[in-house]
Amino acid sequence: MRKSWWKECVFYQIYPRSFKDSNGDGIGDLNGITEKLDYLKWLGVGAVWLNPVYDSPNDDMGYDIRNYEKIMDEFGNNPYRDYYIWRPGRNGKEPNNWASFFTPSAWKYDAATDEWYLHLFSEKQPDLNWENQKVRNEVFAMMNRWFDKGIDGFRMDVINLIAKKPGLPDSDKKPNAQGYVMADDCFANQPKVHDYLKEMRKTCFDGRDCMCVGETPFVTKQIAMDYVDPKNHELDMLFQFDLMDIDSGESGKWEVVPWKIADFKAIITGWQEALKDGWNSLYWSNHDQPRPVSRFGSCASEIYRVRSAKMLAALMYLLKGTPFIYQGEEIGMTNMPFSDISELRDIESINFYKLSEKGGDPKCAWESILIKGRDNSRTPMQWDSSENGGFTTGKPWIRINPNYRNINVRNAMEDDQSILHFYRSLIALRNSHDALIYGDYTEILHEHPRIFAYVRTYSAERWLVFANMSGENAFLDSSDFFENGKVVLSNMDEIQDLLLFQPYEVRVIRA
Ligand code: CA
């Protein structure tokens, strides 16, 4: 296993809009991030991933990028027309049956030219035409300019969707209620994407000790390995979504179903084994996902919130792979109790709700949004108990979670039993033991209904992690696994009975 800085350090994801506002306009900014760098250093993180800071009309909160190259200004004008994907209509309708992630159809009609352009996401996010060598050259040149400024890597949004099936045919998959088709069979993991990534790798990364992690929905384990196999020279890591889909029903993310510990184990172990010659990314959340303590832990009481947040952290970030901590997770920020649709800012949630009003079930839609909506993780970072949580002196662009008076960084720093101090200890532990970075992973107690447990082995070293993921007591049959072991990290004041795990208890044992 080749050693690399990006395998060893812990990443921290910043959603700049909600991290820290320095000038009172209610929107987080780069100076705000600079103010908090000492905090991140204190926490022990080694790298920061910034969500988009490029100029943007903010239809999708910065993911609709306007000026890598001032492309959008020129959008529709001739020199740049082939930078996008245009097709004539079919019988006065869309060129094919593809659905967009954010709107019913993936096509938008342009009356001036009587053609349609493809946008898998928002209308203001036209898909780039990667078949055009000029597009690729410009993207790679832009990346190289950022590298020259000193960044260490890229996290690339839905990168495995950049190549489309030749001819852009209709998808044969089942249409949705609006008659369109989520056509991942036509736009995800197409053969050409591997060519584009290899070209990017060669043009931008060769000769630099930099990292790239791709966001890749719709990947199987085999396809994922193709992307991250070091021999293939494409991605270093990827974000797959099997765990994020664990509480989604057949119709997708908005159909919320209870998740099961057995499924959790199968997903985690499956990926640990599938990428053992590649490298995993480890995450509980990001700017598109709800808060993990609300989703996978418990907010039934303050004791459970604190305990379960610590359990989740140890369980995830001691797996083999690179941890990506999303801002606010380290203090156990929770989902947001939005009271009304007018408080939402996320285009995906808003469009879903509006659609439900036209013949769906708005009440049910609202319940789903409260559980799964992307704005849950986009509320302002909670720095202290002052007005607006110390995020801004103005009016925040999105309502702050009212629990900021209790849940905030300042309170957490003053309490040495806080989630924050646990994260700091956990990061320090991982940073100082190669076994926790490079050690092999083996799941144990696979049949246990409540405890998720695994061993990391590295030469003669053995580390064990036992996590009771349930809200009930859990018992072990024997202490054989950790005979002569020492508890190095735990989320309990004391352990009275080695074989008893209280709700959400976690133990890290060195044996
Ligand atoms: Ca600002």
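## Close-up views of a predicted model

**View 1. Helix H8 meets helix H9.** The axes of helix H8 (residues 221–228) and helix H9 (residues 261–274) come within 10 Å and cross at roughly 40 degrees. Here axes are lines fitted to C-alpha atoms, for helices over the stretch in contact, with angles running from 0 to 180 degrees between N-to-C directions. H8 is therefore oblique to H9; angles under 35 degrees count as roughly parallel, over 145 as roughly antiparallel, 65 to 115 as roughly perpendicular and the rest as oblique. Lys 221, Ala 224 and Met 225 of H8 make the contact with Gly 270, Trp 271 and Ala 274 of H9 (two residues are in contact if their C-beta atoms, placed from the backbone, lie within 7 Å). Helices (H or I, at least four residues) and strands (E, at least two) are DSSP runs, numbered from the N terminus.

Before moving on, two notes on reading these views. Residue numbers start from 1 along each chain, as its sequence is written. This is a predicted model, in which local features need pLDDT of at least 70 and side-chain atom pairs count only at pLDDT 80 or more, while totals for chains, interfaces and linings use all residues.

**View 2. Helix H5 packs with helix H7.** Look next at helix H5 (residues 133–149) and helix H7 (residues 191–205), which pack at an angle of about 40 degrees with their axes 10 Å apart. That angle makes H5 oblique to H7. On the H5 side you will find Arg 136, Phe 140, Met 143, Asn 144 and Phe 147, and these meet Tyr 196, Glu 199, Met 200, Thr 203 and Cys 204 in H7.

**View 3. Arg 201 sits in helix H7.** Staying with H7, this view picks out Arg 201, a residue of that helix. Arg 201 counts as partly exposed because it has 17 C-beta neighbours inside 10 Å; a residue is buried if 20 or more other C-beta atoms lie within 10 Å of its own, exposed if 12 or fewer, and partly exposed in between, with C-beta atoms placed from the backbone. Leaving out residues up to four places away in sequence, Arg 201 touches His 233 and Glu 234.

**View 4. Val 158 and Asn 189 have positive phi.** Val 158 is not a glycine, yet its phi is positive, about 25 degrees. You can find Val 158 in the loop between strand S6 (153–156) and helix H6 (184–187). Asn 189, also not a glycine, has a positive phi of about 55 degrees and lies in the loop between H6 and H7.

**View 5. The largest nonpolar core has 110 residues.** A nonpolar core is a set of buried Ala, Val, Leu, Ile, Met, Phe, Trp, Tyr and Cys residues joined through C-beta atoms within 7 Å. Among the residues touching the most other members are Leu 238, Leu 312, Ala 313 and Val 465. Helix H11 (residues 302–317) gives the most to this core, with nine residues. Domain 1 (57–240) and domain 2 (440–510) both give residues to the core, so it lies between them; their bounds come from an automatic or database domain assignment.

View 6. The loop runs between helix H10 (292–295) and H11. Gly 297 counts as buried, with 25 C-beta neighbours inside 10 Å. Gly 471 is 174 residues from Gly 297 in sequence, but their C-alpha atoms are 8.6 Å apart in space.
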